Amino acid sequence: MRPRRVVTDRRGGRSVAPYDSFNLGVHVGDDPAAVAANRARLAAGLAVAEDRLCWMTQVHGTGVVVLDAAPEGPVPHCDALVTGTPGLVLCVLVADCVPVLLSDPVAGVVAAVHAGREGLRQGVVPAALAAMAGLGSRPADVQALLGPAVCGPCYEVPRAMQVQVARVAPAAAVRSRTGTPALDLRAGLAQVLTGAGVRQVVHDPRCTAEDRFLFSHRRDGVTGRQAGVAWLDDTPRAVPAATRRGPRDGYG
Ligand SMILES: [Zn+2]
């Protein structure tokens, strides 16, 4: 059993503009049949059964749900999923917010967290770590991946908003490209994780607003969502060649 982490991008799916093409969000106005086809492709690419994919109805809060079985439909009103059950595939949808994928290979616990500005400010990552601790995980054993998100120079905000977030994570307060107040969500989240005792934090440095292969709500308004995915893989290590063509798996 080993923790796996994957981040998708917008290539290779069935959706048409403005959701082109690998949109995994059902809540953004896309054709449900196209999203269903895309989700089936995700499952095939990960070599997991589609009914093992666990989705959330995300609300920019701190709700955490611990799963030990696949839910019927999206888990309502939460922003983090945690499991110690192998084969449950936890998915977080994003298009500028940070997909935070947490894995503890010692305790055998993983989490997928939706952390935007409000999630950072309200503490969704500490809430997820607390739920992981309830399953026997220690922060020192947790590996964190901060996935693609809007970068600091691209994320201008009103000064009052910057101050609010900086109270929780001073490292998030940066300047935009034009010198105005801005937020670097990943820098803030890394600070929160380190403060909680997590020693292994890696960044996917891609900026959603700058990278055309990624969905960005800030850049495009109506658009699709990519996914961050975390699960405990209980299948043999060798992956058949036919399954390697799917969504990018750059993180083990
Ligand atoms: Zn940027």
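These are my notes from looking through this structure, which is a predicted model.

**Helix H1**

I started with H1, residues 32-46. I counted 15 residues, and the helix reaches 21 Å from first C-alpha to last, close to the 21 Å expected at 1.5 Å a residue. Next I asked which H1 residues are buried. I found Val-35, Asn-38, Arg-39, Arg-41, Leu-42, Gly-45 and Leu-46. What do they pack against? I noted strands E1 (2-7), E2 (53-54), E5 (89-94) and E12 (226-233).

**The sheet of E1, E12, E5 and E2**

I then checked how those strands are arranged. Four strands form an open sheet in the order E1-E12-E5-E2, with mixed pairing. E1 and E2 are the edge strands, each pairing on one side only. One pair I wrote down is Cys-91, whose bridge partner in E12 is Val-229.

How many residues of H3 (124-133) are buried? Seven of the 10 are, so I have H3 down as largely enclosed by the rest of the structure. The buried ones are Val-124, Val-125, Ala-127, Ala-128, Leu-129, Ala-131 and Met-132. They pack against strands E3 (64-67), E4 (80-83), E6 (98-104) and E7 (109-115), and also against helices H2 (117-122) and H5 (185-195).

I went on to the largest nonpolar core, which has 71 residues. Leu-90, Cys-91, Ala-111, Ala-112, Val-113, Ala-128 and Leu-189 touch the most other members. H3 gives the most to this core, with seven residues. I followed up on Ala-128: leaving aside neighbours within four places in sequence, it is in contact with Val-64, Ala-80, Val-82, Leu-102, Ala-111 and Val-113.

Then I listed what departs from that.

- A cis peptide bond joins Ala-17 and Pro-18, with omega about 5 degrees. I placed Pro-18 in the loop between E1 and H1.
- Another cis bond joins Asp-20 and Ser-21, with omega about -10 degrees. Ser-21 is also found in the loop between E1 and H1.
- Ala-47 follows H1 and has a positive phi, near 60 degrees. It sits in the loop between H1 and E2, and I have it as partly exposed because it has 14 C-beta neighbours inside 10 Å.
- His-60 has a positive phi near 60 degrees, in the loop between E2 and E3. With 15 C-beta neighbours inside 10 Å, His-60 counts as partly exposed.

**Two exposed residues**

Is Val-222 buried or exposed? I have it as exposed, because it has 11 C-beta neighbours inside 10 Å. I located Val-222 in the loop between helix H6 (217-220) and E12. Leaving aside neighbours within four places in sequence, Val-222 is in contact with Pro-18 and Gly-29, and I noted that this Pro-18 is part of the cis bond with Ala-17.

Met-1 lies in the segment before E1. Met-1 is exposed too, with 11 other C-beta atoms within 10 Å. Neighbours within four places aside, I found Met-1 in contact with Pro-86, Gly-108, Leu-232, Asp-233 and Asp-234. I also looked up its separation from Arg-41, 40 residues along the chain: the C-alpha atoms of Met-1 and Arg-41 are 23 Å apart.

Note on methods. Residues are numbered from 1 along each chain as its sequence is written. This is a predicted model: local features need pLDDT of at least 70, side-chain atom pairs count only at pLDDT 80 or more; totals for chains, interfaces and linings use all residues. The expected span of a helix is 1.5 Å times one less than its number of residues. A residue is buried if 20 or more other C-beta atoms lie within 10 Å of its own, exposed if 12 or fewer, and partly exposed in between; C-beta atoms are placed from the backbone. Two residues are in contact if their C-beta atoms, placed from the backbone, lie within 7 Å. Two strands pair if DSSP finds at least two bridges between them. A nonpolar core is a set of buried Ala, Val, Leu, Ile, Met, Phe, Trp, Tyr and Cys residues joined through C-beta atoms within 7 Å.
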